[in-house]
Amino acid sequence: MSKLTDISYVKGVLSKYGFTFSKALGQNFLINPNVCPKMAEMSGASETVGAIEIGPGAGVLTNELAKISHKVVAVELDKRLLPVLNETLSEHKNIKIIHGDVMKLDLKKVIEQEFGSGEVVVCANLPYYITSPVIMRLLEERLPINTLTVMVQKEAADRICAAPGTRASGAISAAVHYYSAPELLFKVSKGSFIPSPKVDSAVIRMNILKEPPINITNEQLFFKIVKASFSQRRKTLSNSLSSGMSMSKSEINEILSSAGIKPTARAEEMTMEQFAEIVNQFRNT
Ligand code: SAM
């Protein structure tokens, strides 16, 4: 059995280096030994598929990824964890730790340098304070990755995976469905972490699409419309689009009517195709 599945070993190394958890950096480390092997396996990392991890922490997931993948590159912001990782992952020769901020790093360049044209997946237990920005950044950059498998708070997982047009959907659902086919893989209870967070988590996998599922000529306009539509969830599309797009209600109603959508409809009722129709009608005005 690997030392890293033994929580007293992990706690011992952390205390040896005087490590204290930072709430600001979203540091809730996994201590449930069943979660990481399953997550690594389901990410699609393999002998021929490399892995990028964001926030390795003490290295519990990194260790599982390194067992099944030919190479793992992990990006950690907290400098205090570098000596910890050096010790906990010392038996692996196929791991590279990069000290940096995932929101600032040029990940395309990292992938090119570390994996060339080889296949890559991203797998991470994301720090909760930047879940959506990280996911959106990785998707928007159109990184050459097969899948993005991440642990997020259960509520965020439900929102991200909700199909546009269903009650649970939000702006992030539409944005994520534009780039990928997301699926909820399994739930993880809050007791699986130290320190234990207030809510449960879930692991989701976003299977990156080669082509967007809808035909739109202006992506920027699509994201602006989605954001404006959900900016006031309780209001009708007519109202939220009018204020979000700085246009009169009658102009918006005309666009909605040409798109075959009732002005009283709400953002959560819109499918991807209907959003596309609205975008394309905007272009015609
Ligand atoms: N992977 C470990 C695990 O599952 O036990 C730790 C996960 S913990 C939820 C999130 C990790 O992300 C922490 O190690 C934290 O220091 C790191 N982190 C936070 N913000 C980051 C950022 N902007 N870039 C890279 N890593 C970050």
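Visitor: Which residue of E4 is the bridge partner of Val75?

Guide: Val75 has Ile98 as its bridge partner in E4. This is a predicted model, in which local features need pLDDT of at least 70, side-chain atom pairs count only at pLDDT 80 or more, and totals for chains, interfaces and linings use all residues. Residues are numbered from 1 along each chain as its sequence is written, and side-chain values use heavy atoms, with hydrogens and water left out.

Visitor: How many bridges join E3 to E4?

Guide: Strands of a sheet pair through backbone hydrogen bonds, either parallel or antiparallel. Here strand E3 (residues 72–76) is joined to E4 by five bridges, and the two run parallel. Strands (at least two residues) and helices (H or I, at least four) are DSSP runs numbered from the N terminus, and two strands pair if DSSP finds at least two bridges between them.

Visitor: What is the strand order of the open sheet?

Guide: Its seven strands follow the order E4-E3-E2-E5-E6-E9-E7, with mixed pairing. Strand E4 (95–99) and strand E7 (180–188) are at the edges with a single partner strand each, so one side of each has no neighbour in the sheet. From one strand to the next, the twist averages 20°. Helix H5 (residues 107–115) packs on this sheet, touching strand E2 (49–54), E3, E4 and strand E5 (119–125), and its direction makes about 140° with that of E2. Contact means heavy atoms within 4.5 Å, and angles run from 0 to 180 degrees between N-to-C directions of axes fitted to C-alpha atoms, for helices over the stretch in contact.

Visitor: How many residues of E5 are buried?

Guide: Six of its seven residues are buried, leaving E5 mostly covered; buried means under 20% relative accessible area, with exposed over 50% and partly exposed in between (1.4 Å probe, protein chains only). E5 pairs in the parallel sense with E2 over four bridges, and Ile52 has Val122 as its partner there. Four bridges also join E5 to E6, again parallel.

Visitor: How do I read a helix pair, and at what angle do H6 and H8 cross?

Guide: Two packed helices are described by the angle between their axes and the distance between the axes. The axes of H6 and H8 come within 10 Å and cross at roughly 30°. That makes the pair roughly parallel; the classes are under 35 degrees for roughly parallel, over 145 for roughly antiparallel, 65 to 115 for roughly perpendicular, and oblique for the rest. Ser132, Ile135, Met136, Leu139 and Glu140 of H6 meet Ile172, Ala175, Val176 and Tyr179 of H8. Eight of the nine residues of helix H8 (residues 171–179) are buried, so the rest of the structure largely encloses H8. H6 (residues 131–140) also lies across strands of the sheet, among them E6, to which it runs at about 170°.

Visitor: At what angle do H9 and H10 cross?

Guide: Helix H9 (residues 219–231) and helix H10 (residues 237–244) have axes that come within 7 Å and cross at roughly 120°. They are therefore oblique to each other. Ile225, Ala228, Ser229 and Ser231 of H9 make the contact with Leu237, Ser240, Leu241 and Gly244 of H10.
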